[in-house]
Amino acid sequence: MYNNSVSINISDDESDDINGKKRTKVRRKRKKFGFRGGKNNDFLRRMIKNLLRWWLFLLIIPAIGLLLFEASRMIGTTKPIHDSKTGDEKTDPVVVVEAKHILDNLTPVTRKINGTRRPCLELLPPEALEHLDIPVHGHASSHVKKVIYKSDPDAGNATVFQRNTDATRYNLFTGNQTLYEREQSFKVSETAEVHCGFYNENGGYRISDEDKAYMQTCKVVVSTCTFGGGDDLYQPIGMSEPSLKKVCYVAFWDEITVAAQEAGGKKIGEDNMIGKWRIVVVKDLPFTDQRLNGKIPKMLTHRLFPQARYSIWVDAKSQFRRDPLGVLEALLWRRTSVLAISEHGARSSVYDEGKAVVKKNKATPEEVEIQLEQYRRDGFPDEKRFNGKKALSEASVIVRELTPLTNLFMCLWFNEVVRFTSRDQLSFPYVVRKLNMKNINMFPVCVRKDLVNSMGHKQKAKPLIN
């Protein structure tokens, strides 16, 4: 039989001939890009080999850099420690670690003392806070026993509300304090007579009778304000249930703020509350400068809450996040102080602060110079300390016992911001020195950062127009 199958062998040479053109192109391409032979081939091989060896390390380096950057933002500068008994500073380093400012954050802010990290604000334990009560008597006495709020029969006969004009910052709310009266107001005795706002019932800052009746019931008050719709309202956190029952939380708003908040979905309830805040709506604000209007609830708490014994002021840009009675115990009662306020974090000198205020456009050079020139004439020294403490303050949180002495202090401080500029940091050290105030707790900046979550201003409030 014949074998019909045909076997055809293709030699390797023939195969090379068929694919020769394609293989040649590949060889040429490889040679062109340096994949074969020469220095380029050795360099690429070494580079690939090193990448395979060190790829994990190369990923870790940026991560470490990011962590170091975040740590540098959280760790503040070295601060001196304040002796709780003498008020003097020790030389031990204190590293302030600031918690991230997130709404509703309760993380304690800590500092490192002698190698041990401790809370900046050392509150009583929770079980003790549950049973903490208001002392029957205050812890500090003073030679000032009574403060009489001065009226000015010659300030004007106007019977209709009118805001101050550019020509003067005085009006029927403030009275008209002369320079002589200003000087005399610092010469205190058992009974002090002083201008202190609310001079005339037609001077503005009108509050409803219902709100006045509520404010008369407050023994301890945490207060804030937003005028001109500039800031949001942040609910206080961190308080115990017993404390919540004993403390009034009052937010002062004007009608502009009411409209702005309602547009944002925050509407005042039928009980005049939003969350834990009692909203008190103020009408006929006495100043065109909204910052100056804000000084009224900030400094004149004793005039708004005549029955209150203790108060805590919190700027509207902040969320208060600690138990108020615990704060009073830690900053006042434990230290036998009548006033507690945060040190200024950046400067110590009033005159340096004046330069900073002008540089940051927070006041005009002319008005700052008028104020500082008056202080020079009054003999106010360019010193960074008073009674062993830094006197320049950052006044976004003010904790105080409402005594005749602190009421007088606040009246005089308010009069300074009315007379000169609304930058209250400039006048605080002056009033402290003139009254020779000694029972003040100038607490470190890290304590202030533990008291509040600082959220920042939402927007700048516009001046009112007559």
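**A pair of strands and its surroundings**

Modeller: Strand β7, residues 220-226, runs parallel to strand β11, residues 310-314, and four bridges join the two. Within this pairing, Val-221 stands opposite Ser-311 in β11. The model is a predicted one, and that applies to every value below.

The two strands belong to an open sheet of eight strands with mixed pairing. The order across the sheet is β9-β10-β8-β7-β11-β16-β13-β17, which puts β7 between β8 and β11, and β11 between β7 and β16. At the ends of this order are the edge strands, β9 (273-274) and β17 (440-443), each of which pairs on one side only.

A helix also belongs to the picture on the β7 side. Helix α7, made of residues 255-263, lies across β7, β8 (247-253) and β10 (277-281). Relative to β8, α7 runs at about 100°.

The loop between α10 (324-331) and β13 holds Trp-333. With a relative accessible area of 8%, under the 20% limit, Trp-333 counts as buried. Ile-134 is 199 residues away from Trp-333 in sequence, yet their C-alpha atoms are 9.8 Å apart in space. Over the chain, among contacts between residues at least 6 apart in sequence, 79% join residues at least 24 apart.

The axes of α11 (residues 350-359) and α14 (residues 424-435) come within 9 Å and cross at roughly 170°. Because of that angle, α11 is roughly antiparallel to α14. Val-350, Glu-353 and Gly-354 in α11 meet Gln-425, Leu-426 and Pro-429 in α14. By type, the residues of this contact divide into three nonpolar, two polar and one charged.

For scale, the chain has 466 residues, of which 47% count as buried, and it contains 15 helices and 18 strands.

Mean pLDDT is 82, and 74% of the residues reach 70 or more. Over residues 71-93, however, pLDDT is below 50, although this stretch has 41 contacts in the model beyond near neighbours in sequence. Residues 95-99 also stay under 50, and the model has 24 contacts for them beyond four places in sequence. Where pLDDT is low, the predicted coordinates should not be read in detail.

Terms used
Residues are numbered from 1 along each chain as its sequence is written. This is a predicted model: local features need pLDDT of at least 70, side-chain atom pairs count only at pLDDT 80 or more; totals for chains, interfaces and linings use all residues. Side-chain values use heavy atoms; hydrogens and water are left out. Axes are lines fitted to C-alpha atoms, for helices over the stretch in contact, and angles run from 0 to 180 degrees between N-to-C directions. Angles under 35 degrees count as roughly parallel, over 145 as roughly antiparallel, 65 to 115 as roughly perpendicular and the rest as oblique. Contact means heavy atoms within 4.5 Å. Ala, Val, Leu, Ile, Met, Phe, Trp, Tyr, Cys and Pro count as nonpolar, Asp, Glu, Lys and Arg as charged, and the others, Gly among them, as polar. pLDDT is the predictor's confidence in each residue, from 0 to 100. Two strands pair if DSSP finds at least two bridges between them. Buried means under 20% relative accessible area, exposed over 50%, partly exposed in between (1.4 Å probe, protein chains only).
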